[in-house]
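Q: Could we go through the strand pairing and the aromatic contacts in this model? Please start with whatever term is needed first.
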Amino acid sequence: MAVFWKAMAGGLLLTLSLTLLGWGVEGQGNGRGKKQVSGGTTVYLGQDRDIWRPLIHTTVNLSEISSIKSSFQLRTFDPEGAVFYGDTKNGDDWFVLSLINGIPLMQISNGDVLISVEGGPKINDGKWHTLEVSNHKKFVILEVDSSDRLVVGLQSEQTEEVISGKLRLALGGILINKERMIVQFEPQMDGCVREGSWLNLSVPWEAEAEELWPCYQNVQPGSFFPGTGFAIFNTSVFHIEADLGVKTELWGDFSEMDGTILSLKAPGQELMFALVANNNTKEVTLTFGKEKISLKDTLKRLVINFHTDFLQVLQDEDESKMITLLISPVSHPGYLTTWREGNLAIGGLLGEDDVGSHFLTGCLEKIQVQEKDLDLDLAVKHMSISSYSCPA
């Protein structure tokens, strides 16, 4: 163990921090207003909170740690987000585990040394993956599904010391200023962890929420809207050319949706466009200004092309189901300007001051604007929306 603690001083905080994973949704109060949770149960990382704030955290005495090997399981479709954080010396030495482009990314700070290591397989495929971390002398090994390995070697010229005191651990967020990291990333993680086995410790974790959201047993790719909020984009982020128009595409089982799927509005103007599913009438209604079109809700894909002088709607890639509306400059003045200077809402109806209503319940399997996938994590959105997964 003495050898291990000397290695810790040389930067192997990663082993302790990464492997202390294991927590659950069962819990009880601790007398300080915080709910305590136990290890080993599944937890959803994307629960409503400040996006950098950890969902669960704990503090342990370094003298209590007797094991340097452990594992946990992670499941996500999200390519980017914070998974786990740990530090000693009240944040002077720290590590962060995240995903970026679906690949594990580890960042470590030890004294005046900063290390960033990215590698291994893409694991944002919606399957459960087992991650095992172990320490072998001067090396930390992150193993994925008992095969693919990411090895980090650390050696410091500084005088080795025996680390004592506290180790802080956090799940789904960090406890330092994000600017201290070498690689910046979006912290929100639509994913789950379960079956943590860590360092032979049984210390409780403190939850920042009164109740922890559970994970769905089975998931599929998509964005899930539970009927409690919507996502809003400033349309200036899209590349709009007048002669090419704007192409939007929506995939999903429209028969299982209810509420506003998409709406478009400029500030201070009336609603320009809305697409609404009605689970009672089994219809999807497209509203463009004062014009309305009813579509059958059995469709699985909808393509809407906004051009300078006409609006084209294509259902399920079937050209026989194509609808074309000629656009009058009098009835629809400057509507492409709305695409450049307005707001696009996914999952809600835009009203005055961009207050939403008639929220969507259902799963959009894919959303594209200008043939690029729309990342809801880049929108201003209600945290109840799952950006990358839907219940299967």
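A: Two strands are said to pair if DSSP finds at least two bridges between them. Please note that the model is predicted.

Q: With that in mind, how many bridges join β3 and strand β14?
A: There are two bridges between β3 and β14 (residues 191-197), and the sense is antiparallel. Within this pairing, Val 43 is opposite Val 193 of β14.

Q: Which sheet has β3 in its order?
A: An open sheet of six strands, ordered β3-β14-β5-β10-β11-β12, with antiparallel pairing. Its edge strands are β3 (43-44) and β12 (148-153), each of which pairs on one side only.

Q: What is the order of the sheet of seven strands?
A: That open sheet runs β23-β22-β21-β20-β27-β18-β33, again with antiparallel pairing. At its edges are β23 (291-296) and β33 (380-381), each pairing on one side only.

Q: And over how many bridges do β20 and β27 pair?
A: Strand β20 (residues 259-265) and strand β27 (residues 343-346) pair over four bridges, in the antiparallel sense. Lys 265 stands opposite Asn 343 in β27.

Q: Changing topic: how many aromatic pairs are there?
A: The count comes to ten aromatic pairs, with ring centres within 6.5 Å as the criterion. One aromatic cluster is formed by Phe 84, Phe 95 and Trp 205.

Q: Which charged end sits over the ring of Trp 128?
A: That of Arg 194, at 3.9 Å from the ring centre.

Technical notes: Residues are numbered from 1 along each chain as its sequence is written. This is a predicted model: local features need pLDDT of at least 70, side-chain atom pairs count only at pLDDT 80 or more; totals for chains, interfaces and linings use all residues. Side-chain values use heavy atoms; hydrogens and water are left out. Rings of Phe, Tyr and Trp (its six-membered ring) pair if their centres lie within 6.5 Å; planes under 30 degrees apart count as stacked, over 60 as edge-to-face and the rest as tilted. A charge sits over a ring if NZ of Lys or CZ of Arg is within 6 Å of the ring centre and within 35 degrees of the ring normal.
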